Amino acid sequence: MNFYILSPLIIAITSTFLGTIAYFKNRQGKINQGFGFFSLAVSFWSWSYFFWQIADNAEDALFWSRALMAGAIFVPVSYLHFVLAFLGQIKEKKKILIFSYFLFSVFLILDFTPLFVNRVQPELFFDFWPKPGIAYHPFLLMWFLYFIYAIYLLLSSYRDSFGIKRTQIKYVLLGILGALTGASTNYCLWYGIPIPPFGNITVLLYVGATAYAIIRYRLMDIRLVLGR
């Protein structure tokens, strides 16, 4: 099993595990709900990515390419949801969040059409790499803009926070910056840029940093059955 098959499998397992525990420890908690949905989106992306990598024909590869994008579509908005809950800003930014879910739901509707993922074709050492349709370009722009906005909110709160809250924000920032940097390498081959998705494994930084914040600094006020 090569690196590009193994890394999404590891991410899928760890994201599913951490997200499930966080959600079911406090299903009524807004932070737990937001983090659980974010983990679900990452998990769906990762599991689909794994099945795409082991596909042996173009038809299956195209299906799983579109399936993994269904997860990727909701990654930025679910992360914003988690950040707003974490920072206690759900009520004041409720309209933004509702609009965001509507916007990315439109992209989801387009996902399983050639307007979003047009086809798969050989790129570098990959037999079936997806190629974008016309609707993919505005999606990718919004994908990055939403993460930039969420990071801006975290940085603003970090500047004004003290004590344990400041430390929690630091680890949440560390995780998402590492994950975002690595995951961004996926988009190069979509546009024919010969850079493979070697950074995927850094998505584990989000898992590791968040797990550490949960265990060490009581993020979400839960205790995991894990040793430090």
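Ile 193 lies in the loop between helix H6 (163–183) and helix H7 (203–217); helices (H or I, at least four residues) and strands (E, at least two) are DSSP runs, numbered from the N terminus. The model is predicted, so local features need pLDDT of at least 70 and side-chain atom pairs count only at pLDDT 80 or more, while totals for chains, interfaces and linings use all residues. Residues are numbered from 1 along each chain as its sequence is written, and side-chain values use heavy atoms, with hydrogens and water left out.

Ile 193 is partly exposed, with a relative accessible area of 40%. Buried means under 20% relative accessible area, exposed over 50%, and partly exposed in between (1.4 Å probe, protein chains only). Together with Phe 3, Tyr 191, Ile 195 and Phe 198, Ile 193 forms a nonpolar surface patch of about 440 Å² accessible area. Patch residues have over 30% relative accessible area and no salt bridge; like charges are joined within 9 Å, and nonpolar side chains (Val, Leu, Ile, Met, Phe, Trp, Tyr) within 5 Å. A salt bridge is a side-chain nitrogen of Lys or Arg within 4 Å of a carboxyl oxygen of Asp or Glu. Accessible areas come from the Shrake-Rupley method with a 1.4 Å probe; for residues, only the protein chains shown count as cover.

Val 117, in strand S1, is buried, with a relative accessible area of 0%. Its contacts (heavy atoms within 4.5 Å) include Leu 62, Met 69 and Trp 190, not counting residues up to four places away in sequence.

Leu 124 is found in the loop between strand S1 (117–123) and strand S2 (126–132), and is partly exposed at 47% relative accessible area. Leu 124 is not a glycine, yet has a positive phi of about 50 degrees.
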